[in-house]
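Reader: I would like to learn how to read helix packing in a model. Where do we begin?

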Amino acid sequence: QHRLNEQIKAYEKKMRRLEALDEDVNFNNLFDTRPISAKYSVADFFERQALKMRQLGRISTAGKYAATYKALHKFHPTTLQFGEISVALLTEFEQYLYNHGNKPNSVATKFSALKAVYNKALAEKIFVCKENPFATYKVGGLWTKTRKRAIRKEDVQRLMNAPLPDSHSPYTELARDIFLFSYFSAGINYKDIATLRYSDLVDGRIYYRRHKT
């Protein structure tokens with residue numbers, strides 16, 4: 001019975017994998033001993049992941065995926081498979097980005113997105129990986145420290161006192177109020193401002209659970 005249960009679990013896992021790849025589940029492919037081959041190219045999988053991020057409300061991540069693939073497609077306009085991604089290709093792509101005006105942290109952001117999508121495809125067994133290029137090509141080394149930047153108190157005061165034109169939209173004043181509220185609340189991000197309730201204000205203090213931006 002134990003052996004039967006283990007075999008059933010293995011087939012159930014394979015069924016979920018086939019469904020994830022939008023493949024029909026039938027006796028032919030369920031009992032086929034050959035590795036499951038995916039139909040996804042790098043472009044297809046990037047598009048799929050970007051859509052998934054949008055559905056989850058992670059718009060920023062979806063935008064990073066879209067920007068990364070746009071740059072990758074310009075660098076390699078022909079159909080690219082995950083198995084073709086090598087250390088040499090990554091090195092050439094890095095140089096391409098620098099040659100086209102990307103700053104170090106912009107390059108690092110794109111490579112972080114590419115690595116994330118590559119690892120997701122690998123985890124879903126979209127392709128067979130003989131050697132992971134990101135084991136050699138270190139994305140972390142691309143990041144550089146940037147100069148700390150802060151708005152001056154005098155500029156905030158000027159913003160507070162700046163007169164708005166008579167024809168201004170009420171949203172203009174709202175945008176200024178939200179910015180100033182964030183400034184005076186230790187940099188609270190917009191999502192946390194949007195989800196605040198009057199009940200979060202207790203004895204002159206704001207209590208809230210921080211969200212990711």
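Author: The model is predicted. Begin with helix α5 (residues 87–99) and α6: their axes lie 10 Å apart and the helices pack at an angle of about 145°.

Reader: What describes two packed helices in general?

Author: The angle between their axes and the distance between the axes describe them.

Reader: Which residues of α5 and α6 meet?

Author: From α5 come L90, F93, E94, L97 and Y98, and from α6 come P104, V107, K110, F111 and L114. Sorted by class, the contact of α5 with α6 holds 8 nonpolar, no polar and 2 charged residues.

Reader: Where is K110 placed, and is K110 buried or exposed?

Author: K110 sits in helix α6 (residues 104–123). K110 is buried and has no salt bridge. The nearest side chain of opposite charge is E94, 13 Å away. A salt bridge would need a side-chain nitrogen of Lys or Arg within 4 Å of a carboxyl oxygen of Asp or Glu.

Reader: Which residues does K110 touch, leaving out those up to four places away in sequence?

Author: K110 touches A67, T68, A71, L97 and N102.

Reader: How do the axes of α7 and α8 cross?

Author: The axes of helix α7 (residues 153–161) and helix α8 (residues 170–184) cross at roughly 145° and come within 11 Å. Here α7 passes α8 in a left-handed crossing. K153, V156, L159 and M160 of α7 make the contact with R176, F179, L180, Y183 and F184 of α8. The residues of this contact of α7 with α8 comprise 7 nonpolar, no polar and 2 charged.

Key
Residues are numbered from 1 along each chain as its sequence is written. This is a predicted model: local features need pLDDT of at least 70, side-chain atom pairs count only at pLDDT 80 or more; totals for chains, interfaces and linings use all residues. Side-chain values use heavy atoms; hydrogens and water are left out. Helices (H or I, at least four residues) and strands (E, at least two) are DSSP runs, numbered from the N terminus. Buried means under 20% relative accessible area, exposed over 50%, partly exposed in between (1.4 Å probe, protein chains only). Lys and Arg count as positive and Asp and Glu as negative; His and the chain ends are not counted. Contact means heavy atoms within 4.5 Å. Axes are lines fitted to C-alpha atoms, for helices over the stretch in contact, and angles run from 0 to 180 degrees between N-to-C directions. A crossing is left-handed if the near helix is turned anticlockwise from the far one by less than a right angle, and right-handed if clockwise. Ala, Val, Leu, Ile, Met, Phe, Trp, Tyr, Cys and Pro count as nonpolar, Asp, Glu, Lys and Arg as charged, and the others, Gly among them, as polar.
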